[in-house]
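Open the model in your viewer and keep the selection tool at hand. The tour below goes from one stop to the next.

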Amino acid sequence: LESLNWRSDGVTEFIRDSMDQVKIVHGILKTMKDNLGAVQDIVNKWDKPMLERKTKPMEKEEFERSFKSMKASNFSDIKDAGKQIHALLKETNKVLR
């Protein structure tokens, strides 16, 4: 294709093909942006302290018990979120192929 104007043969097909390609690229970009936004939302949930300090002193055993429960809960949340992020990245990768 060297030149094309509104009176050229095949201009309608060229515009139709171009629009089809633009729609495909728009769908890919929309999926990528949506998935990136979802990943950012997931990661932003982790923006909290891993350990909360109490105002009064506590015994070592009591602290260890509360720390273990908080740690298990946080690790579980992070592991589940990691699976969600993995699924989103897999979907993005599938769209790009």
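Start with Thr31, which is found in helix 1 (residues 11-44). Keep in mind that this is a predicted model.

**Stop 1: Thr31.** Is Thr31 buried or exposed? Its relative accessibility is 19%, and Thr31 counts as buried because the cut-off for buried is under 20%. Then select Glu91 and Val95, which are in contact with Thr31 when its neighbours within four places in sequence are left aside.

**Stop 2: Phe63 and Phe67.** Select helix 2, residues 60-96, where both Phe63 and Phe67 lie. They are 4 residues apart, about one turn of the helix. How many aromatic pairs does a search of the whole structure find? The search finds 1. Phe63 and Phe67 form this pair, which is stacked, with 6.1 Å centre to centre and 10° between the planes.

**Stop 3: the largest pocket.** Select Ile42, Lys45, Trp46, Lys48, Met50, Asn74, Asp77, Ile78, Ala81 and Gln84, which line the largest pocket. Its volume is about 170 Å³. Which helix gives the most to this lining? Helix 2 does, with 5 residues. Colour the lining by residue type to see 5 nonpolar, 2 polar and 3 charged residues.

Key. Residues are numbered from 1 along each chain as its sequence is written. This is a predicted model: local features need pLDDT of at least 70, side-chain atom pairs count only at pLDDT 80 or more; totals for chains, interfaces and linings use all residues. Side-chain values use heavy atoms; hydrogens and water are left out. Rings of Phe, Tyr and Trp (its six-membered ring) pair if their centres lie within 6.5 Å; planes under 30 degrees apart count as stacked, over 60 as edge-to-face and the rest as tilted. Helices (H or I, at least four residues) and strands (E, at least two) are DSSP runs, numbered from the N terminus. Buried means under 20% relative accessible area, exposed over 50%, partly exposed in between (1.4 Å probe, protein chains only). Contact means heavy atoms within 4.5 Å. On a 1 Å grid over the protein atoms alone, a cavity is a set of points where a 1.4 Å probe fits but cannot get out, and a pocket is an open set with protein on both sides within 12 Å along at least five of seven lines; lining residues have an atom within 4 Å of a point. Grid points are joined across faces, edges and corners, and a volume is the space filled by probe spheres set on the points. Ala, Val, Leu, Ile, Met, Phe, Trp, Tyr, Cys and Pro count as nonpolar, Asp, Glu, Lys and Arg as charged, and the others, Gly among them, as polar.
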